[in-house]
Amino acid sequence: MDRRSWYIIIHPMRFTGKGHGKVILMGEHAVVYGEPAIGMHLERGITVSLGVPSRGSPGKNLAHLDDRGREAFVAAARAVGVDPARFRLTVASRLPVGQGLGSSAALSVAASRALLRAAGETLDDARVLDVAQVLEKVFHGTPSGIDATIALGKGPVFYRKGAPPEPILVGAPIPVVVLLSGTSPSTKAMVERVRRRREGDGPGTDRILGEIGALVTEARELIRAGSLEGLGRAMDENHRLLERLGVSTDGLESLVAAARRAGALGAKLTGGGGGGAVISLAGDGRHAREIMKTLNLGPNSFMTMVQTPAGGAP
Ligand code: PMV
């Protein structure tokens, strides 16, 4: 008897689903003004399990979620025709919250997959995304869908506002070391800062945003060709432009500098800036582990290997 069937016999009513975390590889902020961006999934993510409800204390069935999470889960359960009271939900997360790593989209995709399994549906990606968007709408109002698409874990995507995300076929696995600054950013405040900068100095800021867009388009080709050195240089350049936009911080600058000193091929802030995380690129898995060892940040750094999984694109 294989392990899977053994598992099913012990837990006859357990349905699980995983959603991946994400980082923006390049193009943040410029994407707000119509330029492209590239996002990619992290191996780390969130797993939702739907098991047997607790007897006698049904109020505890959704105790792993906060009020917003409960509202989102109940809406998604209804959307797939499952009675949420049938299950006790548990959430296991390996994603730091509030660091711009896409934890809400990861939770949405994980819950969607678990619910669709509970409903006896096949896990077609388009259907998983539809149900995940029910949760994302509760979390974010009008989500673009980019975060949830990446949370499927199907490799990097090239994204431009108003167009469907395009999967990128990865030419060589991309080893990325994620460094956490420990401070929680406000993406909204950073987007507002760029907006004000643009109002004050339109052409200058637009030039920077356009340069970021051009780098993103170049990066897509470098990813397809498996050129990590070229990608590292493009990331460095993207970071320099983000710094000029005013969204970096002393903490992020020192992490970027430390990653480069430790031998990274490139390093930049990821997401809105003002705190959050830095990503740095390594040549291969061993190189990534060396960078982590040199930086010695303990649980504030981890590695992820980005590739297009077999059978891959969303
Ligand atoms: O901080 P994150 O990972 O949610 O990324 C924000 C990306 C921005 O381009 C700064 C804002 C946006 O809505 O695209």
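Which residues in α2 meet which residues in α4? The legends below take up this question and a few others, using a predicted model.

**Figure 1. Helix α2 packs with helix α4.** Let's begin with the two helices of the opening question. Helix α2 covers residues 67–79 and helix α4 covers residues 125–140. Their axes lie 8 Å apart, and the packing angle is about 145°. The crossing of α2 with α4 is right-handed. On the α2 side, the residues that take part are R68, G69, E71, A72, F73, A75, A76 and A79. They meet R127, V131, V134, L135, V138 and F139 of α4. Sorted by class, the residues of this contact are ten nonpolar, one polar and three charged.

**Figure 2. Helix α7 crosses helix α8.** Here you can follow helix α7 (residues 202–225) alongside helix α8 (residues 228–245). The axes of α7 and α8 come within 10 Å and cross at roughly 165°. Because of this angle, α7 is roughly antiparallel to α8. The crossing of these two helices is left-handed. From α7, the contact uses T205, I208, L209, E211, I212, L215, A219, L222 and I223. Look for their partners in α8, which are G230, L231, A234, E237, N238, L241, L242, R244 and L245. Twelve nonpolar, three polar and three charged residues make up this contact.

**Figure 3. Helix α8 also crosses helix α9.** Now stay with α8 and turn to helix α9, residues 250–261. Between α8 and α9, the axes come within 12 Å, with a crossing angle of roughly 160°. So α8 is roughly antiparallel to α9. This crossing, too, is described by its hand: α8 and α9 cross in a left-handed way. In α8, look for D236, H239 and E243, which meet E253, V256 and R260 in α9. The contact of α8 with α9 has one nonpolar, one polar and four charged residues.

**Figure 4. Domain 1 meets domain 2.** The domain assignment gives domain 1 as residues 14–167 and domain 2 as residues 174–306. Their C-alpha centres are 25 Å apart. Domain 1 supplies 25 residues to the contact, and domain 2 supplies 42 residues. How much area is buried between domain 1 and domain 2? The computed value is about 2700 Å², and carbon and sulfur atoms give 70% of this area.

Methods
Residues are numbered from 1 along each chain as its sequence is written. This is a predicted model: local features need pLDDT of at least 70, side-chain atom pairs count only at pLDDT 80 or more; totals for chains, interfaces and linings use all residues. Side-chain values use heavy atoms; hydrogens and water are left out. Axes are lines fitted to C-alpha atoms, for helices over the stretch in contact, and angles run from 0 to 180 degrees between N-to-C directions. Helices (H or I, at least four residues) and strands (E, at least two) are DSSP runs, numbered from the N terminus. Angles under 35 degrees count as roughly parallel, over 145 as roughly antiparallel, 65 to 115 as roughly perpendicular and the rest as oblique. A crossing is left-handed if the near helix is turned anticlockwise from the far one by less than a right angle, and right-handed if clockwise. Contact means heavy atoms within 4.5 Å. Ala, Val, Leu, Ile, Met, Phe, Trp, Tyr, Cys and Pro count as nonpolar, Asp, Glu, Lys and Arg as charged, and the others, Gly among them, as polar. Domain bounds come from an automatic or database domain assignment. Buried area is the accessible area (1.4 Å probe) that two parts lose on being put together, summed over both.
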